[in-house]
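Please keep the picture open and find each element as it comes up.

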Amino acid sequence: MTVKVAIVTGASSGIGRASAEALAKAGFKTALLARRADKLEAAVAAIAKAGGTAMALACDVGDPAQVDAAFGAVKAQWGRLDFLFNNAGMGAPAIPMEDLTYAQWKAVVDANLTGSFLCAQAAMRIMKAQSPRGGRIVNNGSISAYAPRPHSAPYTATKHAITGLTKSIALDGRKNDIACGQIDIGNAATEMTDRMVQGEGVPQANGTMMIEPRMDVRHVADAIVHMAALPLDANILFMNVMATKMPFVGRG
C-alpha cells in the first residue's frame with residue numbers, strides 16, 4: 001500500500017492546524033508548515049499523541065528558498081507528496097485603502113498569493129515525477145474570493161487571484177494527474193474570527209456593526225479530508241463551507 005503524504009501550510013493554528021490533525025487522523029503522514037516553530041511543535045505533539053504521524057517545518061511560504069527546503073525535506077523523509085493544502089495567509093489592517101502602505105500590501109501578496117504559487121510549484125514538481133504519479137492541491141480561497149468586506153483590498157485582491165491560480169493549476173496539472181480545487185471558507189471559529197463575536201462585532205457593507213454567526217472549524221477540516229481522499233479522476237473544483245446564518249448570500 002502506497003503511503004499517503006500531505007503538506008499543510010499555515011498549520012500552527014486555526015484552520016491549518018485543524019486540517020492537519022484531521023488529515024493525520026485519516027492516515028496521511030502530514031507535514032505542518034508555518035513560521036512559528038514552537039506552535040508547530042505543539043501541533044505535531046498533539047498529532048503524535050493521537051496516534052498520527054507528522055513533522056514540523058518552520059517556513060515562510062513567501063520565500064522561495066525556504067519553500068524549496070521544506071518540500072525537499074518532506075520528499076527526503078517520506079518519498080512522495082499526495083496532497084497540499086495551501087492555507088497560509090494573512091490580512092492587512094482594516095483601514096481605508098488609501099492609507100495602506102506598500103509594505104502592508106506586499107506582505108499580504110507575498111503570504112497569500114506568492115506563497116500559494118511557490119508551494120503549488122514545488123508540489124507539482126514532486127507529484128509529476130513520483131510513482132504512482134500525481135496528487136492533489138487545494139487552495140484556501142475564502143469567501144473574499146467572491147465578495148469583499150469593508151477595508152480589505154489586499155486580502156480580497158489576493159483571494160480573487162487565488163481563484164485564477166486554482167483554475168490554472170487544474171488545467172495545467174491534468175497531463176500529470178494533478179488535480180486542483182479551492183475551498184472558500186466563511187466564519188470558521190478560530191482566533192482570527194474571535195473579533196466577529198466580541199463587542200459590537202465587525203463592520204458591514206452598509207456601515208453598521210454586527211455580531212456574526214460562526215461554525216466549528218472541524219467542519220472545514222472534514223471538508224479538507226473529503227477533498228484529499230477523492231480519487232484523482234474526480235475533483236471538487238470549488239467548495240464553499242460557511243456559517244449558515246452569516247451575512248453573505250443576500251443583501252446586508
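1. A residue counts as buried when its relative accessible area is under 20%. The model is a predicted one, and in it strand 6, which covers residues 178-186, is mostly covered, since 9 of its 9 residues are buried.

2. In a regular strand the side chains alternate between the two faces of the sheet. For strand 6 both faces are covered: I178, C180, Q182, D184 and G186 are buried on one side, while A179, G181, I183 and I185 are buried on the other.

3. Which strands pair with strand 6? Strand 5, made of residues 135-140, pairs with strand 6 in the parallel sense over 6 bridges, and within this pairing N140 stands opposite I183. Strand 9, residues 238-242, also runs parallel to strand 6 and is joined to it by 5 bridges, with F238 of strand 9 as the bridge partner of Q182.

4. The path from strand 5 to strand 6 deserves a look as well, because a crossover is called right-handed if, with the strands pointing away from the viewer, the path from the first strand over the helix to the second runs clockwise. Strand 5, helix 5 (residues 153-172) and strand 6 make a right-handed β-α-β unit.

5. Beyond strand 6, T193 is found in the loop between strand 6 and strand 7, the latter being residues 202-203. Is T193 buried or exposed? Its relative accessible area is 10%, and therefore T193 is buried, the cut-off being under 20%. Leaving aside neighbours within four places in sequence, T193 is in contact with A188 and R214.

Notes:
Residues numbered from 1 in each chain as written. Predicted model: local features only at pLDDT ≥ 70, side-chain atom pairs only at ≥ 80, totals over all residues. Heavy atoms only, no water. Buried < 20%, exposed > 50% of the residue type's maximum accessible area, 1.4 Å probe, protein only. Helix = DSSP H or I, 4+ residues; strand = E, 2+ residues; numbered from the N terminus. Pairing = 2+ DSSP bridges. Contact = heavy atoms within 4.5 Å.
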